[in-house]
Amino acid sequence: MPRSGIRGLAGFCLLAGCGSNPGLPPSLVPGSAAGYNLVLLTLDTTRADRLGAYGWEPASTPALDRLAEEGLKFTGAISPAPMTLPAHASILTGLDPPSHGVHHNGQFSLDESFTTIAERLESQGYDTAAFVSAFVLDGRYGLRQGFAVYDDQVEPAPGQAFGGLDSQRSARDVTERALAWLGTRTRQGPFFLWVHYYDPHAAYEPPEPFASQFAGAPYDGEIAYMDSEIDRILTSVRARAEPALIVAAGDHGESLGEHREPTHSRLIYDATQRVPMIWWSPGLIGGPLVMEDTVGLIDVFPTLLDVLGVEFDASSLDGRSLVRHHEEEDRALYMETMATYLDNGWSPLHGLRTQRAKYILAPRPEYYDLESDPGEKNNRYDIARSHADEALERLETLLKQKLGGMATAASIAEGARPVDPDALRRLQALGYLGGGGSADPSLAPDSLPDPKDMLPGSGSPCGSRRSTLGREVR
């Protein structure tokens, strides 16, 4: 896939000569965690604002809250895509979806030409293991690269109230498998352990006692259940007489009816794009610390390798090492959803988010002032265009440059892999690939239905202005 023009939304630097970010603890510098064990916990479908550490009072998330109390909490972490596989591909590679080529669940896989964090750490002598809890991250989709153990056997324990019993497994099951690996490993040297929790994904059916405790809020109950199992991982890691760095991060959030989207994947508002991210390491990070800068899941790969003292080619990435970059208020992070185009025949959505604003390219484009309108309810695009708003013009220019270096929506659809009947059944049991198929490739995306007008309860379109990019939309 062409790489020219993909990067360039913000400046990049090589591993020498960049200053540290003043929003991070001074002890978190390149090489400061060299030789540490690394634990990556990914929290599927978890909104940042549904954890106690992020201010949600009804939450019961003591394990993650303690991580934040003792570590570093990021309040502006942004996912590049509201879907599990593309988001995890970005976490593990430091690349946006246009760069790594994974645009949807089930229809794409990460090519072996890309380097994952597991591959870099394995080359440095790390013992590597991954335990994932949903078929959407099955090894066939390319994320197993670099893992000596990749446990993707999604066979829930008997009695679990899941739909699609061979598509996902419970937090308890995946925790048991990860703890067994930790308890029996004999290899000397540091390890990299990735544990993925799928439970907060719809349908929300937490086990007891969480089902009763959260009878009116089952999504919160799923998160509470997940947190209780995460606590078991944290207890095991803390008990080891070895230095460790733990990172807990959501892959994407959940709309829960906001903007008329019941779950996720069709829109790119902050309900699905803003995620929790917490870093913990005693002696290295003395919390509670809070970083409010807007950062991306694409920054996980370079920042982790940097603090672990592992070399990488920064110029090849979309993400950046946060320990080598100063705060940049206007940094623009890329977001997309291709599910609308590939599943429903609607227009794809592409967007950029800075700390203060968000621009969404759609048949009826959107522009939000996130300081005065954090809920993204007041589309200011027409007003900003009529006043020649420089901030909007900058984002339009940057996104046009970004899209100019990526494949067209039609060619992305042509490159989607065929899904065999069994995989299709298992993915549909998870709520994916349930639409009517891709749009007519002869139609320009801006002539297709706008996803925000196609969701349940959508009213009359509020305005008719089309993007100034017109048929250059790709």
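## A guided tour of the predicted model

Start by colouring the whole chain by pLDDT, the predictor's confidence in each residue, from 0 to 100: the protein averages 87, and 87% of the residues score at least 70. This is a predicted model, where local features need pLDDT of at least 70, side-chain atom pairs count only at pLDDT 80 or more, and totals for chains, interfaces and linings use all residues. Residues are numbered from 1 along each chain as its sequence is written, and side-chain values use heavy atoms, with hydrogens and water left out.

**Stop 1: the two ends.** Select residues 1–19, where pLDDT stays under 50. Then select residues 460–474, where pLDDT also stays under 50. Where pLDDT is low, the predicted coordinates should not be read in detail.

**Stop 2: the whole fold.** Switch to cartoon view and look for 14 helices and 12 strands; these are DSSP runs numbered from the N terminus, helices being H or I with at least four residues and strands E with at least two. Of the 474 residues, 58% are buried, meaning under 20% relative accessible area with a 1.4 Å probe, protein chains only. Contacts (heavy atoms within 4.5 Å) come next: among those between residues at least 6 apart in sequence, 72% join residues at least 24 apart.

**Stop 3: the largest pocket.** A pocket here is an open set of points on a 1 Å grid over the protein atoms alone, where a 1.4 Å probe fits, with protein on both sides within 12 Å along at least five of seven lines; lining residues have an atom within 4 Å of a point. The largest has a volume of about 380 Å³, the space filled by probe spheres set on the points, which are joined across faces, edges and corners. Select T75, D270, R274, R353 and P374, which are the closest to its centre of the 19 lining residues. Strand 2 (72–78), helix 8 (270–273) and strand 8 (289–296) each give two or more residues to this lining.

**Stop 4: L352.** Find L352 in strand 10 (residues 349–353). Is L352 buried or exposed? L352 is buried, because its relative accessible area is 0%.

**Stop 5: S347.** Finish in the loop between helix 10 (339–344) and strand 10, where S347 sits. With a relative accessible area of 2%, S347 is buried. Not counting residues up to four places away in sequence, S347 touches T340, Y341, P363, P445, L448, P449 and P451.

Terms used: Buried means under 20% relative accessible area, exposed over 50%, partly exposed in between (1.4 Å probe, protein chains only).
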